[in-house]
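Please read them with the structure open.

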Amino acid sequence: MQFPFLTVITFTPIVAAVILLLLPRDKTTLIKLIALIAVLITLVMGIIIFVQYDQSAALADPANQFQFVEQTPWVESLGISYKVGADGINLPMILLTGIVAVGGVMISWGITDRTREFFAFFMLLVAGVYGVFVALDLFLLFFFYELSIFPMYILIATWGSTRKEYAAMKLTLYLLIGSIIALVGILAIYFSATTPDGARTFDLTALKQSNIPIDVARIWFLPIFLGFGVLAGIWPFHSWSPDGHVAAPTAVSMIHAGVLMKLGAYAALRVGVELLPQAAREFLPFIVLLVMVNVVYGAAIAMVQRDFKYVIGFSSVSHMGLVTMGFATMNQVGLNGAVLQMFSHGVMTALFFTIVGLVYDRAHTRDIPQLGGMIKVLPWAAIAFVIGGLVSMGMPGLSGFVAELQIFMGVWVARDVAPWYPIVALVSALGIVLTAAYVLRVAGQVFFGQYDEHRWHDMRPANILDKTTIAMFCVILIAVGVFPLLLMNMINTGTTSLVNLLAGG
């Protein structure tokens, strides 16, 4: 019997949350240590399964695509089971979640307001994210998807800033409406799918092999893909995202932009594209026009923002558009780039929000024109922002270049999908130019402008945990850029079966 890695990864944060709520409020150091130990356990477990995953077996036989599988009947009469597994697509996401969660706990070490409750809800948020990534049962996936939304509302409304109640409610309503629409589509699949044994099931692997009527697929693909795509920030359903980013506390912004938006893209891919490949081939060429707007519009709006955090918020909308664009290529190059972009953007955005949090905690303002010369007191933040900015604009040698190059190549060669794909690639390339513009503007005004030492009274250097978080993110972004095969070989094992599925569709 194999060790239940995925169950331990998913439920360790939940156990930690329960323990935290049982501790006295004044044991703040112990509370933070337990939270840190919990996320470190999940990260270590994620690294272990990443290393142990048998890539050769997965490529040789599609039956071996999902490994570390655990399955236990839950509600047998309805075909619901507790089933989890890992493949080349969700393993990088599991690793990403662990990395960002560890960074989020370390950067939140200074939280003093209701520390116990903050870290307990943060643990629940992390558990919900893990649950979606590992789930191989549609009911289980949706259960954890909703679990990840609930803590977001509490965390933003209680510990946030800048119209926090408005942002929390807007985020929750958008995501709940999107998920309810997707749920109806899931139920349509459940009731219409014909499995080999004739039984109804929520098992994802069984549904992939079932016969889903093409009429059902055509009707419900868009509700499912766009319903989950709301969380991925697909235009025009994106407006909740920048407001949520800005209002959330730093650690929640890191999880929100770094991981949670990938949750929407992942669910849209896993449920919409994998289960309904015939409809995906018909509708993704039109969805690519929506996400083209994401890429250019998000970058253009980021360029004119005065609020430091809004710049990063709209930047996330832009870069997540590239992820969905990679899905829409339906070829291996584009899909590989999309999954790598999810990982790269997750780490990059977590780094950006770490830096914004460091500056805001000391300057008590995010107004870019008021800031200046921060490199004098926060050199680590300045250097990290430059590295993150270079990743954002796709500089060679960094992770963003490897991901974005593959996406644009995948779009360019996808003329067989739709004749307008090369035009989409050319228009979307404007996003790279605009990204470079706002990165250079923000870096110049915030970090390299004139420093007024008489204005700032709470300026203090970054502590060891801040520096550790920054260094961890920067090293990962550089390492993946220099040695992309660290992730690409793994991702390739997951996308190979997906491309074959789409070709058959």
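Are arginine 270 and aspartate 87 buried or exposed? Both arginine 270 and aspartate 87 are buried, where buried means under 20% relative accessible area, exposed over 50%, and partly exposed in between (1.4 Å probe, protein chains only).

This is a predicted model, in which local features need pLDDT of at least 70, side-chain atom pairs count only at pLDDT 80 or more, and totals for chains, interfaces and linings use all residues. Residues are numbered from 1 along each chain as its sequence is written, and side-chain values use heavy atoms, with hydrogens and water left out.

1. Arginine 270 and aspartate 87. Their side chains meet in a salt bridge at 2.9 Å, N to O; the term requires a side-chain nitrogen of Lys or Arg within 4 Å of a carboxyl oxygen of Asp or Glu. Arginine 270 belongs to helix H11 (residues 250-275) and aspartate 87 to the loop between S2 and helix H4 (90-107), so the contact ties together parts that are 183 residues apart in sequence. Helices (H or I, at least four residues) and strands (E, at least two) are DSSP runs, numbered from the N terminus. Asp87 and Arg270 also belong to a network of salt bridges with Lys208 and Glu274.

2. Strand S2. Seven of the seven residues of S2 (residues 80-86) are buried, so the strand is largely enclosed by the rest of the structure. In a regular strand the side chains alternate between the two faces of the sheet. Here both faces are covered: one side has Ile80, Tyr82, Val84 and Ala86, the other Ser81, Lys83 and Gly85, and all are buried.

3. Lysine 83 and aspartate 203. The whole structure holds ten salt bridges. One of them joins the side chains of lysine 83 and aspartate 203 at 3.0 Å, N to O. This pair links distant parts of the chain, since lysine 83 is in strand S2 and aspartate 203 in the loop between helix H7 (164-192) and helix H8 (204-208), 120 residues apart. Lysine 83 is buried, with a relative accessible area of 9%, and aspartate 203 is buried at 8%.

4. Proline 73 stands opposite serine 81 in S2, and valine 75 stands opposite isoleucine 80. Four residues lie between the strands of this hairpin, where glycine 79 takes a positive phi near 75°.

5. The nonpolar patch. Trp74, Val75, Leu78, Phe139 and Phe143 make a nonpolar surface patch of about 450 Å². Strand S1 (67-75) and helix H6 (138-159) are the elements that give two or more residues to the patch. Patch residues have over 30% relative accessible area and no salt bridge; like charges are joined within 9 Å, nonpolar side chains (Val, Leu, Ile, Met, Phe, Trp, Tyr) within 5 Å. Areas come from the Shrake-Rupley method with a 1.4 Å probe, and for residues only the protein chains shown count as cover. Phenylalanine 143, found in helix H6, is partly exposed at 42% relative accessibility.

Note on methods:
Pairing = 2+ DSSP bridges.
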